[in-house]
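Please keep the sequence and the coordinates in view while reading.

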Amino acid sequence: MSQPIRPTMRDVAALAGVSLKTVSRVINGTPTVAPGLVSQVRLAAAQLNYRPNLTASSLRRRDRRSLMIGLILEDIANPYSSAIYRSAEDVARAHDVGVLAGSIDEDAERERQLAGALFLRRVDGLIIVPAAQDHSYLLNEMKMGTAVVFVDRPPRYLAADSVVSDNRAGAANGVRHLIGHGHRRIAYLGDLASIATAQERFAGYLDALREAGLTLDHHLVRHDLHTADTAASAVTELVTGPNPPSALFSEQNLVTIGTVRALRGAALQHRTALVGFDDFPLADLLEPGVTVVAQDPTAIGKLAAEIVFRRIDGDVSPVQEHVVPTHLIKRASGTIPPSDVLASD
């Protein structure tokens with residue numbers, strides 16, 4: 001079966017019995033077209049199911065805007081990414097602008113390819129959760145007027161706005177919470193060590209240990225746990241091995257989910273304390289509820305989109321890193337005491 005051909009303005013003009021110029025004026029909302037001609041053109045367009053080519057239209061606009069922005073996320077299926085997407089979309093909708101989005105799965109080459117595809121579609125701005133270690137490839141596009149804002153991680157080798165969480169302080173607060181409940185053997189469960197946020201959160205973990213006079217035990221540190229399954233395997237190994245930790249700090253929501261599964265599988269969810277970084281759906285309904293260091297992805301996405309539109313509208317103020325605070329949500333998993341305290345009760 002042959003592919004159906006999309007109707008053009010010429011087809012609409014022929015069916016309506018008017019000139020191509022008249023159709024163009026009606027489609028573009030020119031107010032001086034006679035009402036009768038407007039009705040003829042709209043009826044013909046409806047009969048043909050005609051849709052205007054917005055990409056071509058943007059080339060004819062004086063401001064050359066496409067009325068679209070791009071959004072590059074780590075994984076749209078992740079609750080953190082989807083919250084950023086939704087809040088950015090709400091801001092874009094208020095500006096009568098659409099959003100094109102994609103996931104890059106921590107793949108630097110995929111990031112470049114997706115950015116290139118969005119630029120080919122002439123997006124007016126780009127919000128990006130980066131995976132690459134060098135973002136200078138975006139410089140030419142920015143020089144041509146595309147607004148670019150980084151989210152979650154700052155850019156490298158490029159001067160651009162960014163919106164990030166207070167990762168180091170948030171992680172330190174989460175570990176301090178465990179220390180405050182008597183824990184001294186606290187394991188660290190981290191995402192890919194190459195990720196800037198993972199580095200900041202590990203630094204916060206170390207800050208809290210140092211403040212409490214605790215020596216880092218490298219046997220309790222696990223990096224590069226990028227999925228729930230890899231996290232579950234690491235946690236199972238830790239809690240069933242010799243001299244297990246009494247508490248766990250998980251650095252990312254998927255890692256926390258894998259940690260919860262492993263603790264439940266070992267029937268240790270009521271004996272091993274847990275604090276995770278990032279809230280996640282149903283964390284409060286688990287038994288025990290999971291204590292988390294909560295980011296505010298809705299605020300992050302909203303602020304990033306607002307900055308993009310300010311830049312699109314001509315803001316030339318110096319680029320800035322905007323830091324959004326985190327907050328500790330205390331639930332039962334973070335208050336479980338060490339096993340030696342349990343034994344003495």
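In this predicted model, strand E8 (residues 247-250) is covered on both faces. Ala247 and Phe249 on one side, and Leu248 and Ser250 on the other, are all buried. In a regular strand the side chains alternate between the two faces of the sheet.

**Neighbours of strand E8**
- Strand E6 (residues 186-189) pairs with E8 in the parallel sense, over four bridges.
- Within this pairing, leucine 189 is found opposite serine 250 of E8.
- Strand E9 (residues 273-277) runs parallel to E8 and is joined to E8 by four bridges.
- Serine 250 also stands opposite glycine 276 in E9.
- Helix H11 (residues 253-265), together with E8 and E9, makes a right-handed β-α-β unit.

**The six-stranded sheet**
- Six strands form an open sheet with parallel pairing, in the order E2-E1-E3-E4-E5-E11.
- Its edge strands are E2 (98-103) and E11 (321-324), each of which pairs on one side only.
- From one strand to the next, the twist averages 15°.

- Helix H5 (residues 79-94) lies across strands E1 (68-73), E2, E3 (125-128) and E4 (147-151).
- The direction of H5 is at about 170° to E1.
- Helix H6 (residues 108-120) lies across E1, E2 and E3, and H6 likewise runs at about 170° to E1.

Note on methods
Residues are numbered from 1 along each chain as its sequence is written. This is a predicted model: local features need pLDDT of at least 70, side-chain atom pairs count only at pLDDT 80 or more; totals for chains, interfaces and linings use all residues. Side-chain values use heavy atoms; hydrogens and water are left out. Two strands pair if DSSP finds at least two bridges between them. Helices (H or I, at least four residues) and strands (E, at least two) are DSSP runs, numbered from the N terminus. Axes are lines fitted to C-alpha atoms, for helices over the stretch in contact, and angles run from 0 to 180 degrees between N-to-C directions. Contact means heavy atoms within 4.5 Å. Buried means under 20% relative accessible area, exposed over 50%, partly exposed in between (1.4 Å probe, protein chains only). A crossover is right-handed if, with the strands pointing away from the viewer, the path from the first strand over the helix to the second runs clockwise.
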